[in-house]
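Q: Hey, I'm new to this one. Can you walk me through it once it's on screen?

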Amino acid sequence: METTEINLEEHFQNKIDSEIRIEPKDWMPDAYRKTLVRQISQHAHSEIVGMLPEANWITRAPTLNRKKILLAKVQDEAGHGLYLYCAAETLGVTRDETINDLHSGKAKYSSIFNYPTLTWADMGAIGWLVDGAAILNQVPLCRASYGPYARAMVRICKEESFHQRQGYELMMKLAQGSPEQKAMAQDAFNRWWWPTLMMFGPKDADSGNTELSMKWRIKRFTNDELRQRFVDVSIPQAEYLGLTIPDPDLKFNEETRHYEFGEIDWDEFWKVVKGNGLCNKERIETRKKSFDDGAWVREAATAYHKKRKLREELSRKTV
């Protein structure tokens with residue numbers, strides 16, 4: 001490695017250690033750029049694919065008000081995906097490249113979205129648990145070392161906070177409703193609890209990306225730290241709802257002041273990550289179809305942009 005490159009890397013790490021944001025035109029190591037492209041594009045894909053399980057219930061929402069709330073939430077997720085795709089583009093990758101990586105299976109998205117939404121209560125469980133886990137993951141990203149990513153996360157986290165509240169409110173309504181409604185809430189909680197714990201990623205010992213992401217301050221906390229924080233926050237919330245936690249090994253450690261929970265089914269986690277979950281194929285096929293069906297919109301927008309640009313050029317020439 002040449003002396004100049006060593007000095008650049010030292011300067012780069014000094015900026016990171018001094019909490020100075022890295023911006024698109026700044027020098028950065030190739031590994032840092034690749035790590036960001038992987039994480040930001042994966043995050044964007046998760047927002048877009050994450051629309052599908054909830055969109056499944058828009059036409060079946062029990063009231064007009066619930067339908068409006070769910071429509072607004074799904075629309076928010078689309079916006080989050082667009083913010084993040086734009087952030088990824090500042091690193092030199094194109095939108096087409098990131099989308100193609102998703103469709104080909106090269107790029108991943110959050111494993112949680114490969115589970116089916118079987119009842120209306122799942123809308124509450126996703127809002128409360130899945131978006132709650134997302135908030136714990138994403139609030140520290142507002143302080144990520146890469147400027148465009150950190151700035152995009154500020155608005156995303158504000159909207160995710162609303163999503164989490166409306167999900168918990170929905171679960172509260174069901175838990176306080178008829179015996180059938182409470183049973184539906186408990187069933188949804190049972191099915192989404194463990195997949196939500198898997199959302200934080202593999203155990204720290206099995207995570208190949210954590211060390212560098214922590215060094216570069218893309219991440220501020222490890223997978224296991226965030227998972228523990230989520231459990232500690234969520235158990236009192238579940239107890240307030242009167243729901244039973246689906247973990248016979250759960251107990252509160254008076255010494256550490258943390259909840260100890262059972263072993264996650266890591267075989268299931270890796271099966272889903274590798275594309276063999278209940279809905280993996282369906283999710284990707286749906287995204288591909290949506291992309292193909294929307295080709296005419298992209299073509300029309302491109303044609304309009306070219307036409308407008310040509311008019312502006314002609315207008316300048318005649319002045």
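This is a predicted model: local features need pLDDT of at least 70, side-chain atom pairs count only at pLDDT 80 or more; totals for chains, interfaces and linings use all residues.

Q: Let's start inside. Which residues touch the most other members of the largest nonpolar core?
A: Tyr32 and Trp193 do, in a core of 81 residues.

Q: And which helix gives the most to this core?
A: Helix H7, residues 147-175, with 10 residues. As a general point, nonpolar side chains tend to be buried together in soluble globular proteins.

Q: Back to tyrosine 32, what does it touch?
A: Leaving out residues up to four places away in sequence, tyrosine 32 touches Phe12, Ile16, Ile22, Ser145, Tyr146, Trp216 and Ile218.

Q: Rings next. How many aromatic pairs does the structure hold?
A: There are 13 aromatic pairs. Take phenylalanine 12 and tryptophan 27: their ring centres are 6.3 Å apart and their planes sit at 80°, so that pair is edge-to-face.

Q: Where do phenylalanine 12 and tryptophan 27 lie?
A: Phenylalanine 12 is in helix H1, and tryptophan 27 is in the loop between H1 and H2, so the pair ties together parts that are 15 residues apart in sequence.

Q: Is phenylalanine 12 buried or exposed?
A: Phenylalanine 12 is buried, with a relative accessible area of 2%. Tryptophan 27 counts as partly exposed, at 32% relative accessibility.

Q: Which residues do ring pairs link into a cluster?
A: The cluster takes in Trp128, Tyr168, Phe189, Trp193, Phe200 and Phe230.

Q: Switching to charges. How many salt bridges does the count come to?
A: The count comes to 19 salt bridges. In one of them, the side chains of arginine 151 and glutamate 23 meet at 2.8 Å, N to O.

Q: Where do arginine 151 and glutamate 23 lie?
A: Arginine 151 is in helix H7, while glutamate 23 is in the loop between helix H1 (3-17) and helix H2 (30-49), so the pair ties together parts that are 128 residues apart in sequence. Arginine 151 counts as partly exposed at 46% relative accessibility, and glutamate 23 counts as partly exposed at 24%.

Q: What does glutamate 169 form a salt bridge with?
A: Its partner is arginine 66, with the closest N and O atoms 2.9 Å apart. Glutamate 169 lies in helix H7 and arginine 66 in helix H4 (residues 64-89), so this pair ties together parts that are 103 residues apart in sequence.

Q: Is arginine 66 buried or exposed?
A: Arginine 66 is buried, with a relative accessible area of 14%. Glutamate 169 is partly exposed, at 31%.

Q: Now helix H11. Which of its residues are buried?
A: In H11, residues 266-273, the buried ones are Trp266, Phe269 and Val272. Looking down the axis of H11, they fall within an arc of 125°, so they line one face of the helix.

Q: What covers the buried residues of H11?
A: The cover includes helix H8 (179-198), helix H10 (223-241) and helix H12 (280-293).

Q: And which residue caps the N-terminal end of H11?
A: Aspartate 265 does, with a side-chain oxygen 3.2 Å from the backbone nitrogen of aspartate 267. Just after H11, glycine 275 takes a positive phi of about 95°.

Q: Last one: where does histidine 43 lie?
A: Histidine 43 lies in helix H2. Histidine 43 is buried, with a relative accessible area of 11%.

Q: What does histidine 43 touch?
A: Not counting residues up to four places away in sequence, histidine 43 touches Leu84, Gln138, Leu141, Tyr149 and Met153.

Methods:
Residues are numbered from 1 along each chain as its sequence is written. Side-chain values use heavy atoms; hydrogens and water are left out. Buried means under 20% relative accessible area, exposed over 50%, partly exposed in between (1.4 Å probe, protein chains only). Helices (H or I, at least four residues) and strands (E, at least two) are DSSP runs, numbered from the N terminus. The arc is that of the directions from the helix axis to the C-beta atoms. Contact means heavy atoms within 4.5 Å. A polar contact is a pair of N or O atoms within 3.5 Å; within protein, one must be able to donate a hydrogen and the other to accept it, and residues adjacent in sequence count only if both atoms are side-chain atoms. A nonpolar core is a set of buried Ala, Val, Leu, Ile, Met, Phe, Trp, Tyr and Cys residues joined through side-chain atoms within 4.5 Å. A salt bridge is a side-chain nitrogen of Lys or Arg within 4 Å of a carboxyl oxygen of Asp or Glu. Rings of Phe, Tyr and Trp (its six-membered ring) pair if their centres lie within 6.5 Å; planes under 30 degrees apart count as stacked, over 60 as edge-to-face and the rest as tilted.
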